[in-house]
Amino acid sequence: MNAIIQHAGSVADQAELYTRTSRSTQIQFTNGSLSLVSHNDRTEAALRVLVKGKLGAAFGDPVRGETLVHDAVSAAAYGQDVPFAFSGAQSFESQGEEPQIQRKRSAQELVAFCAGINQRIRSICPDADANLSFGSAIGSKTVQTTAGTDATDAFSHESLIVEIPFQDRGTDIGAAARLIDHGDLAVSDVWLEDLLEMRTWGSKPSAPSTGRLPTLLTPYASNLLLIALAAGLNGLAIAQGASPLAGKIGESILSPKLTIREDPGLGQQVSPRRFDDEGVPVQARDIVSNGVLRSYLTDLGSSGMLEASSTGNAVRRTLFTETIQDVPGPAWLGAVIEPGPTGWKELLAGMEEGILVTRMLGLHSSNLLQGQYAVQATGFHVRNGKPIGYLERTMISGNVFEDFGALQAVSSELEPIAQEPLSVPGLVPYLLLESVQATVG
Amino acid sequence: MKDELRAVLSKLDVDYADIRFDVERKTSIRLSNEQVEQIATFSPQGGHVRAYVNGAKAVASFSTLEDAADIACQTAAAARAAAAHCTDPLRLAATPPIDAAFPIETPKDPRTYSLSAKHELLTYYNQIALEAPDVMMTQFIYSDSHAERVFVSTEGSGVEYEHLISHILGIVVGRRGNAVRKAFFAVGGSPDFGRLLDREEVLRDALRDLDELLDASPIEAGTYPIVLDPHGAGIFIHEAFGHRSEADLTLHNPMLRERLGNGKQIGTPLLNVFDDPTIPDRGGSYPVDDEGVRSQRTQLIREGCVAGRLHSRETAAAFGENPTGNCRASDAGFAPLIRMSNTVIEAGESSLDEMIQTVDDGYYIAGGAGGQGGIDFTFGARWARRIRNGKLGEMVADANLSGNLFTTLNSISMIGNDSMLFEYCDCGKGSVDGVQMTTRICAGAPHIKIDEATVGGVS
């Protein structure tokens, strides 16, 4: 047993130690020139203790274990009784797949890789000044408790973001695409050609008329649905009656074309998980089946309030951050929106007049708990199946449960999304909504 | 520590290098309804090194002082290796080295108050919220943080400085029928713990707004004339213009550099905007930035024309301008990047009544609930009120605004005579290391009238 958890167990009734180590490298090319090499090497620990049923916590470097234990026990003096115990001995053998850890590539390898991408872009499109950001990370998350949990999930992933400004530079966006995988990322010619084709869509701004418009969301924009659902499915909001989804298990809440699973152990996830941040095994299950609500997301605290078992959805994160200091709370660990039968380019080709939304600004200031959203849309105006210019001064707004209740189609492609600020980890398709309120200034 | 870090730098074969080391102590108390969600203390520490060789840059974060020498050597080697691929060399604008200490003094230091006293204060506010009608969920968070930072550079800087802040944030969720709405309570955001005491009226005002908001209809989407209250106007100038005054966000966009060049008319001649970290005791106040550059006031807009921008040493060199002392890092896990400090619209001459009277059909928009800014920007309001025929009417909910930098600043037609700085606020900005969420800022403004703003809402 780890010395910190052993010491904590000797002065508290129960203890839980969460440790995260990560080694990451980022390479950035700006306008084709290498602008930054960045390394980040961190090990951090969070200790929670229960003393006479009261919860206390401390965070810091595991090297200073004595301080962690002292601070957590001192904090517990002011805590209140909590309706849960830390997780006990667990078996993870049947939960998901053993994460495959790739070798972390050296900075020199990454620089050479990015320089190669730059050359390929230039060979297809000589006037394109690409901005590249390549990240490589390996690490692990460990949860140990005095009740017998001792679980470690390792992770490794690489991500590449390429942005190419539109030729007229009339906006601060441009053609942008992202690849993310467990490691040893490969960039296909098709991927690069699609990116460079997108650049031609942004030769000028084009404003649709204010009104309700068919709207195609890219996987990153489709995250709107998962983020809003995360607020409504949150076990704490359910237990406190604040969620409009409270008491709606078995009821239809979305389009019958939507089936959404929580499946964090799936090998295709960017960071497959076998247990959550409280050491509880994750559960692969339907959250929404053909539009019908089947399950909530809970952690130890909210499941205690609901007098049920945790669904293994505790995550130390907020909408923007994922830090050791964030309180564990219910969230998606790996959502999967089931794909449909039609490719996204076919969905786009079928739009007479509409918008293709690639990104949303200001999602966090919406009333997401109630499903309301009002955001600035980034993307393209579509006419006769073709993008004819980039969006300017376009807000889209509405209610998630109404707009995704009238879903027209789900694409056959799924893209992996990592846990990042304002995004939910998972495998997400393009989603075509029948209509969304667009207001053009 | 300063001497140890200087000894590390002295062994590096680089054009320039610096090391920043943070030792921090934080307290966090989180209440949700009657429950204590978390009482915790944090003791993070760590360092960050930057090395430049032949115009190439490498940076690294590390956890312990013992790692500093090895990490610094590796970072210097990475910068040397990167130089071969650097076709657009980085330069650093000159700045005088500082060898000084900047301790913080405050009348009511949060470190002198016990955990028990902080817990009692938060519980007191939480209880007021829980007793309000139709409140179903509360979340009250007390946070304080004290950071001791040491910055040394190969140019001879050796700076010891502190950051100290305490604040309370309350989110109160009410439900009446199918309507679920939120109220916000945010006080503090400075070193002075006294700003957290005796603030019941601020909370009771927010609860009164929530009570009215629970009966309010959603705002109607469209384009309207609006009057922004000082809080909303502060968020507006931060999101709509402030981020575009950060030179790193325009450096590689020739169109933006041209349109935001010094002297270019960007807004109404009524508009004057500055950024000033030397204003005492605000969220964006500090004596020296994380590149060892002294803080200073920077005029950003004068009579509607661009008057300056916010710089790091890198962007100042690229623009041929002077560093402004705006390069900051949340903590040792991040490289510093250009951030606003206290960003302010200067007061004008109009009264609020005069502004309201000029609106036939529009909205009064109050408070800020977060936003995001680029050439296009957006932000959410806490509540809004319809204006018809020059008179304030009923409250409406779910108001979000968006606009375009170049059209909206020209659409400001009146500026109020009632400027104020708001309290606690964080700002996030992406960097290669992720999003720096915890950089404290502050904004201030009078009421302003915008003739045409895009409002998202129901159809």
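Reader: Which residues have the most contacts inside the largest nonpolar core?
Author: They are Leu47(A), Ala72(A), Leu224(A), Ala72(B) and Tyr363(B), in a core of 256 residues. A nonpolar core here is a set of buried Ala, Val, Leu, Ile, Met, Phe, Trp, Tyr and Cys residues joined through C-beta atoms within 7 Å. Buried means 20 or more other C-beta atoms within 10 Å of a residue's own, with C-beta atoms placed from the backbone.
Reader: And which element gives the largest share of this core?
Author: Helix H5 (residues 219–233) of chain A, with eleven residues. Helices (H or I, at least four residues) and strands (E, at least two) are DSSP runs, numbered from the N terminus.
Reader: Before we go on, what should I know about the model and numbering?
Author: It's a predicted model: local features need pLDDT of at least 70, side-chain atom pairs count only at pLDDT 80 or more, and totals for chains, interfaces and linings use all residues. Residues are numbered from 1 along each chain as its sequence is written, while chains are lettered from A and ligands numbered from 1 in the order in which they are written.
Reader: Back to Ala72(B), what does it touch?
Author: Leaving out residues up to four places away in sequence, Ala72(B) touches Val8(B), Leu9(B), Leu12(B), Ala17(B), Ile19(B) and Val49(B). Contact means C-beta atoms, placed from the backbone, within 7 Å.
Reader: How do H1(B) and H2(B) meet?
Author: Leu5(B), Val8(B) and Leu9(B) in H1(B) meet Ala68(B), Ala69(B) and Ala72(B) in H2(B).
Reader: At what angle do they pack?
Author: About 30°, with the axes of H1 (residues 2–10) and H2 (residues 68–82) of chain B 9 Å apart. Axes are lines fitted to C-alpha atoms, for helices over the stretch in contact, and angles run from 0 to 180 degrees between N-to-C directions.
Reader: New topic: how many helices and strands in chain B?
Author: Nine helices and 28 strands. Buried residues make up 58% of its 459 residues.
Reader: What does its C-alpha trace span?
Author: Along its principal axes, the C-alpha trace of chain B spans about 70 × 55 × 35 Å.

Notes: A residue is buried if 20 or more other C-beta atoms lie within 10 Å of its own, exposed if 12 or fewer, and partly exposed in between; C-beta atoms are placed from the backbone. Two residues are in contact if their C-beta atoms, placed from the backbone, lie within 7 Å.
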